[in-house]
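Subject: Structure handover

Dear colleague,

Please find the structure below. My notes on it follow.

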Amino acid sequence: MRFYRFLNKKVLKNGGFTLVEIVIAMALLGGVGLIAAKLMEMIDTNSKASTKKESQLKMQLMGLKLVEGRLKGLKRNQFRPELFYQLMPNSSFISNFPGQINASTLTNLITDPLPSGSGPGPYLTSFLFRKKLGERYLTYISACIPLANMVNLTGITYATLQKNQLWPFIRTNNTTNDLNVYCCPRSNPMCTSNPVLTKISNYGVLIFRFDPQTNVLKSILHERDFESISSMGYFIFSNASNDKLLQGRIFTFYNECLSQRILTGQAKPGCKDFLSLRSGIVNEEFDYAEEGINNMGSSIGL
C-alpha cells in the first residue's frame, strides 16, 4: 500500500503546475493575445488606408479622363479668352488670357458671372467646360465651397455658382516644385489667403455637373466619398510661351481631420493629420490649320 501511495504522489507532482508556472503561462498567453490584437489592429488600419487610397485613385483617374476628353479636339473658338488664365513662363504669375477686348471690358468680365448658355458656342473658361450628351450639353464647374456646404448643398444652384466669389487656382512652387491650391477671386489669382491643402482650411474644392434638361446641379463627390477625399478640382490655363498650348491640372486631396470637419463639423482629437495628394496634368496643343481656325480666331465653316 505504501508503494502505491508513493506512486500516486509522484504522478501528481509530475503532472501538476506550480503557482509560479501558472502565472508565467498566463502572462505569456496574455502577451500573445496583445500581440495578436495589435497585429489585427494594424491589418485593419492598413486595409482601410488601402481602400481609401484606391478610392482616391479612382476619382483622380475619373477627373483626368473627364478633363482630357473635353480638351481633346477642342476648337480654339470654343472658349472665352477673356475668362481664361495664362501661366507666365516662370510660373510665378497668372494673368488673364489676352483677348481682343479693352481694359475696362476685361475688368467687368472678371467680376461678371460665368457663361450661362447651354449651347455649343464659346463656353470654356479656366473653371467651366461643357460636354455633349445626346442633344444637350452638360456643364462642369470646378469651384471653391465653404466646408459647411461640401455635403449640404442647400442654397447652391447653377445660378449662384456662376457668381461664386472664390475659385481654385492650382499653382506650383518654383523652388520646391510642390503643388499648391488657393481659393482666390478671379480678379486676384495669385492670392494666398485661402489655402486648400491643409487641415485647418475653411474651403474645399468640388466639381459640379449641371444638366440643363432636368435643371439639376450635382457634385461629382458624394457624401461617402469624403471618407477618402477632402477636395477634388481642376484648373485649365494656357501657356504664355506657347499660346496654342492648353493645360488642365486635376487634383484630389485627402486629410482625415479635414474630412471629419466636412462630415461632422469638427475633427476628432485623435484624427490623423494624414495628407494624400494626387495631381495630374493634361496637355492639348492647337493647330490653327488643322482645327480650321484662321489667325483671327474665327471659325471657317466648322
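The link of Cys 144 and Cys 183 is left-handed, with -90° about the S-S bond. Its sulfur atoms are 2.1 Å apart, where a disulfide is a pair of cysteine sulfur atoms within 2.5 Å. Helices (H or I, at least four residues) and strands (E, at least two) are DSSP runs, numbered from the N terminus.

This is a predicted model, in which local features need pLDDT of at least 70 and side-chain atom pairs count only at pLDDT 80 or more, while totals for chains, interfaces and linings use all residues. Residues are numbered from 1 along each chain as its sequence is written, and side-chain values use heavy atoms, with hydrogens and water left out.

The structure holds 3 disulfides. Cys 184 is joined to Cys 191, S to S 2.0 Å; this link is left-handed as well, with -95° about the S-S bond, and both of its cysteines are buried. Cys 257 is joined to Cys 271, S to S 2.1 Å. Here the torsion about the S-S bond is about 95°, so the disulfide is right-handed. Cys 257 lies in helix 5 (residues 256-264) and Cys 271 in the loop between helix 5 and strand 11 (275-285), so the pair ties together parts that are 14 residues apart in sequence. Cys 257 and Cys 271 are both buried. With bonded cysteines counted along the chain, the pattern is 1-2, 3-4, 5-6.

Next, the salt bridges. A search of the whole structure finds 2 of them, a salt bridge being a side-chain nitrogen of Lys or Arg within 4 Å of a carboxyl oxygen of Asp or Glu. In one, the closest N and O atoms of Asp 211 and Arg 136 are 2.8 Å apart. Asp 211 lies in strand 7 and Arg 136 in strand 4 (residues 136-146), so the pair ties together parts that are 75 residues apart in sequence. Asp 211 counts as buried at 9% relative accessibility, and Arg 136 as partly exposed at 23%.

In the other, the side chains of Lys 58 and Glu 54 meet at 3.7 Å, N to O. These two residues are 4 apart in helix 2 (residues 19-71) and therefore separated by about one helical turn. Lys 58 counts as exposed, at 53% relative accessibility, and Glu 54 as partly exposed, at 45%.

Strand 7 (residues 203-211) and strand 8 pair over 4 bridges, and Asp 211 stands opposite Val 216 in strand 8.

For the chain as a whole, there are 6 helices and 11 strands. Of its 302 residues, 39% count as buried.

Regards

Methods:
Two strands pair if DSSP finds at least two bridges between them. Buried means under 20% relative accessible area, exposed over 50%, partly exposed in between (1.4 Å probe, protein chains only).
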